[in-house]
Amino acid sequence: SDGAADMDVTRATDATRVDENGLIADVLSNVPRIDYTGGGCPHILAEPQRTNLVTYSEDYTVYSLTRITITSSYGTSPNGGQNSTAIFNTTETGGHNLNGNYFSVTSGTSYVNSVFAKAGTITKMKLRLFSGGGTLIGFNDGVFDLTNGTATGVGASIESYGNGWYRCYMVDSPTSSVSNARFNIGLLNADGDSNYTGLITDYIEVFGSEVSVGSYATSYIPTSGSTVTRNQDIFTRDGIGSLINSTEGVLFVEMAALSDDGTNRRISIAKDGNNKINMVLSTSSNTVQAIVISLGSVQFNASYAISDTTLFFKVAIKYKENDFALWINGVEVATDTSGNTFTSGELNKLVFDNSDGNNPFYGKVKQLQVYDTALTD
């Protein structure tokens, strides 16, 4: 309560979060994001750097229209403003599509293509990437049912944002490198067909298009004329040796991963690379790991696989001379009765990485507690 253990937050750019009203809200640089996605208690959001390649994420008047018309400022968007765009059909026969700006993609690199969408009289939509010449470059089609909230297609997923709005995602990799890739939003008829004769009264609402390099989706990045980069969130706190008992204690975190993406993500209490306690989301699928290193030697190393690390879970690492344990969701899953800890006053910082800036933690944190005693079972 006196601020002595408050985390230092670094993110050199603005970002967005979901606020307590369920709306997308802006957050200034170097301010932590307290995110309410999913409702209930909020969490701290820590994300990697991403760049939105779509230059006008909310202004669809600048894009190419095929057998459609658009109406700007049509309805209330997921950020609470009167700034959604309605895409209306025409009576022409064929595909009814909106095509975005050109950008470069690299073969074999994963991209996330997303848009917020809401059913009008049209309830089904297709989302994909293709080249400016109309050639598909290995990307799959995602088909989204905006009434039932379902997604079909390899790499397709959908997430409810309330008030009928869904964020629709496609994660895929191109088979060719091109400089004229673009996103495509296609209106489908009730049977899911893309080629049909439309009615001028048929429409859907859209908002917030985004294409970024990555294997999973992150928070929305608005743009208005150029690409925009959101920097990574960095959480650190040095000089708190008086608050941490180096000889014994417990590191407890209630958290969720952003994705089971096979990367190494860590939260640490530490002195340096040779003296630290790591809570690890490991490279093994849905696996949590506890590592205690003293004077450069591993004293405790235990791993445990859970069903889904992207859902909130609780992990505790107990450390004491000859008394180590890993707990998951209130169950002791690993112990070790041999090993040393640290010299009194040695651990002095809490960081969302491996203590050296590597293996940054990306995820959601509801609770983080450090106890200065090795708690009983």
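What is the volume of the largest cavity? It comes to about 40 Å³, and this is a predicted model, so to speak, seen through its computed coordinates.

**The overall picture**

Let's step back to the whole chain. The protein has 32 strands and 0 helices. Its C-alpha trace spans about 75 × 40 × 35 Å along the principal axes. Of the 377 residues, 49% are buried. Take the contacts between residues at least 6 apart in sequence: 67% of them join residues at least 24 apart.

**Empty space inside**

Rolling a probe the size of a water molecule over the atoms shows where empty space is left.

| Space | Volume | Some lining residues |
|---|---|---|
| Largest cavity | about 40 Å³ | including Arg50, Val112 and Glu210 |
| Largest pocket | about 710 Å³ | including Thr37, Glu159 and Lys364 |

The structure holds 1 cavity of 30 Å³ or more. Its lining consists of Arg50, Val112, Ser114, Arg167, Glu210, Ser212, Ala217 and Thr218. Two strands each supply at least two residues of that lining: strand 12 (111-119) and strand 20 (203-213).

The largest pocket holds about 710 Å³ of space. It is lined by 37 residues, and those closest to its centre are Thr37, Glu159, Ala217, Leu258 and Lys364. Several strands give two or more residues to the pocket lining, among them strand 2 (15-18), strand 5 (43-46), strand 12, strand 16 (156-162) and strand 17 (165-172). Strand 23 (248-257) and strand 32 (363-371) are also on that list.

**A closer look at Leu127**

Where does Leu127 lie? You'll find Leu127 in strand 13, which runs over residues 124-131. Is Leu127 buried or exposed? Leu127 counts as buried because its relative accessibility is 1%, and the cut-off for buried is under 20%.

Leaving out residues up to four places away, Leu127 touches Asn113, Ser114, Val115, Asn140, Asp141, Gly142, Phe144, Cys168, Met170, Asn184 and Ile185. Ser114 is 13 residues from Leu127 along the chain, with 7.9 Å between their C-alpha atoms.

Key: Residues are numbered from 1 along each chain as its sequence is written. This is a predicted model: local features need pLDDT of at least 70, side-chain atom pairs count only at pLDDT 80 or more; totals for chains, interfaces and linings use all residues. Side-chain values use heavy atoms; hydrogens and water are left out. Helices (H or I, at least four residues) and strands (E, at least two) are DSSP runs, numbered from the N terminus. Buried means under 20% relative accessible area, exposed over 50%, partly exposed in between (1.4 Å probe, protein chains only). Contact means heavy atoms within 4.5 Å. On a 1 Å grid over the protein atoms alone, a cavity is a set of points where a 1.4 Å probe fits but cannot get out, and a pocket is an open set with protein on both sides within 12 Å along at least five of seven lines; lining residues have an atom within 4 Å of a point. Grid points are joined across faces, edges and corners, and a volume is the space filled by probe spheres set on the points.
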